Amino acid sequence: MATGLTLKELSKKEDRFTHGHRMCSGCGAPTVVKMVLLATDYPVIASNATGCLEVSSCISEYTAWKIPWIHTAFENAAATISGVETMYRSLKKQGKIDKDIKFIAFGGDGGTYDIGFQSLSGAMERGHDMLYVCYDNGAYMNTGIQRSSATPLGADTTTCPAGDVIPGKLRSRKNLTKIMGAHNIPYAAQASPSHWMDLMKKVKKAHEFIGPKFMNILAPCNRGWRSQTNDSITLSKLAVNSCYWPLYEIEDGVTKITYTPKDKVPVADFMKPQGRFKHLFAPANEWLLKKVQEEVDKEWEKLKKQAECGC
Amino acid sequence: MKQKGWKDLPPGSVVLEGGSAVNFKTGSWRAYRPIWNKENCIQCLLCWIYCPDMAIKVKDGKRGEFDYDYCKGCGICALECPGKKGKNAIEMIEEGK
């Protein structure tokens, strides 16, 4: 493992994602991008699916990216970067390029779990040498907080509004990290910006594999989560400590938990500060809150079993 | 900024200068201003890594002043600051006060 993973050493590196971007105050996504790029010690080319990150980091004539960066449509960030990677391999073979370049695709949960899912799945199956990073904020935040398949059970969004008829989203989120693991790719991992060292180690590790890699990174959104601008790191910590967002990796099909919380906190601790779950604390919705906790526990136990048996 | 016509733009509206967002200052978005109390700072740099706006100047591994040209005043740094002996090194004050 490469050294230099201290904040002091990292701070001496150049930020390849600059200030002046127009993400909301307190957004989790730029922190995720910054950490991913800081952990990458290679020249990088990135593609970016439509989403908050894409529209606010490159508004005509102003780009926050100091790397070659391609805006793609919602559904094809993975297809675009796999095309670039293929061209790179061809140029390398022809002797026209000799640099070692890494390829990263960034997408939000809408562009990854839903709309870009087919191109992501295809790129993973074709085996391109690339890393796909999903910054998961749990809904279509850019267009006004519509539900996505990453939206957690019970969350209030504009397309599953909590009220007299339904208590927010009635379906559970899909487990994309495991779905990507099931593609039998060399490396799939889940990370959180609160645990920056874990996140960066995973990025570094991912770059050392040849082939398709996937990382799912939690990115709190204070607008959509109806929380405060200052709590993105606190909330991501609570997400990890409640096992709502466990930190693990799937390396060649073998699951390994990279962080086990010392004291597992109730998932309600993670949900309470968020307005999107406010209704779950009303007596009438107690059953749903209980169900959320049961599902988190069930998934965590399943993950632990997978890690124990090395499968 | 003067708006450009289509003839003035590069094909595909490609941005040719990387990192040009530095020319766009976001500091005016701020409603709360972070204040750094140097004496309580333990130089852990957590504020730097957690800042979503790259608005903390660090030189030779040492934290310097805030970059108020870009800080949007979210307050993550103040909340995550461990401080020295329970005394926070960053506090948020209302802008303009």
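**Largest pocket**

I sorted the lining of the largest pocket by class and found twelve nonpolar, three polar and six charged residues. Ala, Val, Leu, Ile, Met, Phe, Trp, Tyr, Cys and Pro count as nonpolar, Asp, Glu, Lys and Arg as charged, and the others, Gly among them, as polar. The model is predicted: local features need pLDDT of at least 70, side-chain atom pairs count only at pLDDT 80 or more, and totals for chains, interfaces and linings use all residues. Residues are numbered from 1 along each chain as its sequence is written, chains are lettered from A and ligands numbered from 1 in the order in which they are written, and side-chain values use heavy atoms, with hydrogens and water left out.

I noted a volume of about 430 Å³ for this largest pocket. A pocket here is an open set of points on a 1 Å grid over the protein atoms alone, where a 1.4 Å probe fits, with protein on both sides within 12 Å along at least five of seven lines; lining residues have an atom within 4 Å of a point. The volume is the space filled by probe spheres set on the points, which are joined across faces, edges and corners.

Of the 21 lining residues, I listed A:Arg173, A:Tyr244, A:Glu295, A:Val296 and A:Glu299 as the closest to the centre of the largest pocket. Helix α11(A) supplies the largest share of this lining, six residues. Helices are DSSP runs (H or I, at least four residues), numbered from the N terminus.

**Second largest pocket**

I recorded about 260 Å³ for the second largest pocket. Among its 15 lining residues, A:Ser60, A:Glu61, B:Val14, B:Val15 and B:Leu16 are the closest to its centre.

Note on methods
Helices (H or I, at least four residues) and strands (E, at least two) are DSSP runs, numbered from the N terminus.
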